[in-house]
Amino acid sequence: MTQIRSNLSVALAPPLRPFKPEDADTVARLNDMASGGILLTVWKRMAGTNGDPWEQGRHQQFEQIESGWNIVVLDQGSGVEAVMMGQPHGAEPASLEGVDAEWVPLMELENLVPEAWCLNVIATLPAYRGLGHGARLMAQAQSMARAGGHSRIALVVSDASIPAIRLYERSGFEEIARRPMFKGDWKGPGQDWVLMVKSL
């Protein structure tokens, strides 16, 4: 079994728990859902004609853990129902050199909030939506941000994700900037990426 290290700064109470290797398939699919399909587009490109894009996605979850991401899943005993992924940002802007064009506007927005705790993903499987999973994971993300000494939490969302934007607004987030999406061979919904920030 693959060993992974935990980056979590706070204890988790059930049904929340840290990511485990056996979660990688479901978490990859949730991650792609949250991205509006942009991740699968990139994974297909990485896998090539004969490769498995979902294997690329599963592998990415481990890379993110190793690079300092926090991955928390909601599991009531029958497997992952929802996931939250985030990471603290440094004081210096991230380099855009060599970054896939799809990611450039998102990273430009994230570079506007140095030293924030960045909430990269909150996603729930369709069968479990409407049960408050997103709100529970949002509260956990804010607890982790505070525990890490961050004065604000930030996220980037598609302007087409109206239910998600409403959830974030109810949680106290405000829009502070936008960037046009780069579509390329990705045909996902929306026109702009929206940066939202909440002071803690």
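A polar contact is a pair of N or O atoms within 3.5 Å, where within protein one atom must be able to donate a hydrogen and the other to accept it, and residues adjacent in sequence count only if both atoms are side-chain atoms. The legends below describe a predicted model, in which local features need pLDDT of at least 70 and side-chain atom pairs count only at pLDDT 80 or more, while totals for chains, interfaces and linings use all residues. Residues are numbered from 1 along each chain as its sequence is written, and side-chain values use heavy atoms, with hydrogens and water left out.

View A. Strands (E, at least two residues) and helices (H or I, at least four) are DSSP runs, numbered from the N terminus. The side chain of Asp-75 reaches the backbone nitrogen of Gly-79 at 3.0 Å. Asp-75 is buried, with a relative accessible area of 17%, where buried means under 20%, exposed over 50% and partly exposed in between (1.4 Å probe, protein chains only). Leaving aside residues up to four places away in sequence, Asp-75 touches Pro-15, Arg-17 and Val-80, contact meaning heavy atoms within 4.5 Å. Pro-14 is 61 residues from Asp-75 in sequence, yet their C-alpha atoms are 7.7 Å apart in space.

**View B. The crossing of helices α2 (residues 38–47) and α3 (residues 53–66).** The two axes come within 8 Å and cross at roughly 110 degrees; axes are lines fitted to C-alpha atoms, for helices over the stretch in contact, and angles run from 0 to 180 degrees between N-to-C directions. The helices α2 and α3 are therefore roughly perpendicular to each other, a term that covers 65 to 115 degrees, whereas angles under 35 count as roughly parallel, over 145 as roughly antiparallel and the rest as oblique. Residues making the contact include Leu-39, Trp-43 and Lys-44 of α2 and Pro-53, Trp-54 and Gln-60 of α3.

**View C. The open sheet of seven strands.** The strands follow the order β1-β2-β3-β4-β5-β7-β6, with mixed pairing, two strands being paired if DSSP finds at least two bridges between them. At the edges lie β1 (16–18) and β6 (174–180), each of which pairs on one side only, and the twist averages 25 degrees from one strand to the next. Strand β6 runs antiparallel to β7 (residues 192–199), and six bridges join them; Arg-179 stands opposite Trp-193 in β7.
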